[in-house]
Amino acid sequence: MLDLTREGMVEPVRNKGFRVTELSRRDLAEYVGIRELIEASTVGEVARAADSARLEELRPVAQEIVAAARAGDLVGFLEADRRFHLALLELAGNRRLVETVAPLRSHSRLYGLAGLAESGQLIESAEEHEVLLDLVLARDATGAQACMRAHLGRLRTQWERGGPSAE
C-alpha cells in the first residue's frame with residue numbers, strides 16, 4: 001500500500017485505511033499525452049533498429065492480448081498488455097524510459113477499459129497490438145508511430161464518452 005501511495009494510486013484515510021485516488025479527465029489526458037510523446041517516438045526507433053528475432057518473441061504476447069479480449073478477461077488483458085508495451089519499449093535499450101512509462105501506464109490503464117469492453121472495441125484494441133508488431137517488423141517507423149498514437153487515442157475517446165469528471 002505504501003508503494004501505491006507513493007505512486008499516487010491510493011491515498012490514506014485517517015482511521016479507515018486507504019481509498020483509490022480519483023483522476024480527472026485532465027489528469028488522464030496528461031498521462032496519455034506523455035505516453036504518446038514517449039511511446040510513439042520510441043516505437044519508431046524500435047522499428048528502425050530492433051532485432052527481428054526479439055520482436056517476434058512478442059508475437060505470443062500480442063496473441064495473448066487478443067485471446068484475453070475475446071474471452072472478456074480484463075485482468076488477463078491488462079497483464080499481457082503491460083508486458084507487451086514494456087517489452088516493446090525495452091527493445092529501444094533505454095531502461096530509464098521503461099521505468100518512466102511503467103507508472104504512467106499504471107495511472108491510466110484502467111480508465112476506459114470497461115467502456116471498450118462494453119462497446120466491443122476491446123477486441124479491436126487488442127488486435128492493434130498485432131498490427132503494431134507487424135508494422136515494426138516491416139521497419140515502417142512512420143506507420144508504427146501512427147498506430148501507437150491511434151491505439152492510445154482509443155482510451156482517450158472512451159474517457160471523453162463517460163469516464164471521470166472533467167476536473
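1. What pattern does the chain follow, read along the sequence? The answer is α-β-β-α-α-α-α-α-α-α-α, which comes to nine helices and two strands. Please keep in mind that this is a predicted model.

2. The chain has 167 residues, and 43% of them are buried. Its accessible surface is about 8,900 Å², with 52% belonging to carbon and sulfur atoms. Among contacts with a separation of 6 or more, 73% join residues 24 or more positions apart.

3. Just after α4, Gly 72 adopts a positive phi of about 70°.

4. Which residues of α4 are buried? They are Arg 59, Val 61, Ala 62, Ile 65, Val 66, Ala 68 and Ala 69. Their cover includes α3 (52-56), α5 (74-90) and α8 (121-137).

5. Ile 65, in helix α4 (residues 59-71), deserves a look of its own. Its relative accessible area is 0%, so Ile 65 counts as buried. Leaving aside residues up to four places away in sequence, Ile 65 touches Phe 77, Ala 80, Asp 81, Phe 84, Ala 126 and His 129.

6. Now the charged pairs: the structure holds 11 salt bridges. One of them joins Glu 64 and Arg 83, whose closest N and O atoms are 2.5 Å apart. Glu 64 sits in helix α4 and Arg 83 in helix α5, so this pair ties together parts 19 residues apart in sequence. Glu 64 is partly exposed at 34% relative accessibility, and Arg 83 is partly exposed at 30%. Both belong to a network of salt bridges that links Glu 64, Glu 79, Arg 82 and Arg 83.

7. Arg 105 is buried at 3% relative accessibility, and Asp 81 is buried at 8%.

8. Finally, Glu 99 forms a salt bridge with Arg 96, the closest N and O atoms being 2.9 Å apart. The two are three residues apart in helix α6, so about one helical turn separates them. Glu 99 is partly exposed at 44% relative accessibility, as is Arg 96 at 49%.

Note on methods:
Residues numbered from 1 in each chain as written. Predicted model: local features only at pLDDT ≥ 70, side-chain atom pairs only at ≥ 80, totals over all residues. Heavy atoms only, no water. Helix = DSSP H or I, 4+ residues; strand = E, 2+ residues; numbered from the N terminus. Buried < 20%, exposed > 50% of the residue type's maximum accessible area, 1.4 Å probe, protein only. Contact = heavy atoms within 4.5 Å. Areas by Shrake-Rupley, 256 points an atom, 1.4 Å probe, with all protein chains shown as cover. Salt bridge = Lys/Arg side-chain N within 4 Å of Asp/Glu carboxyl O.
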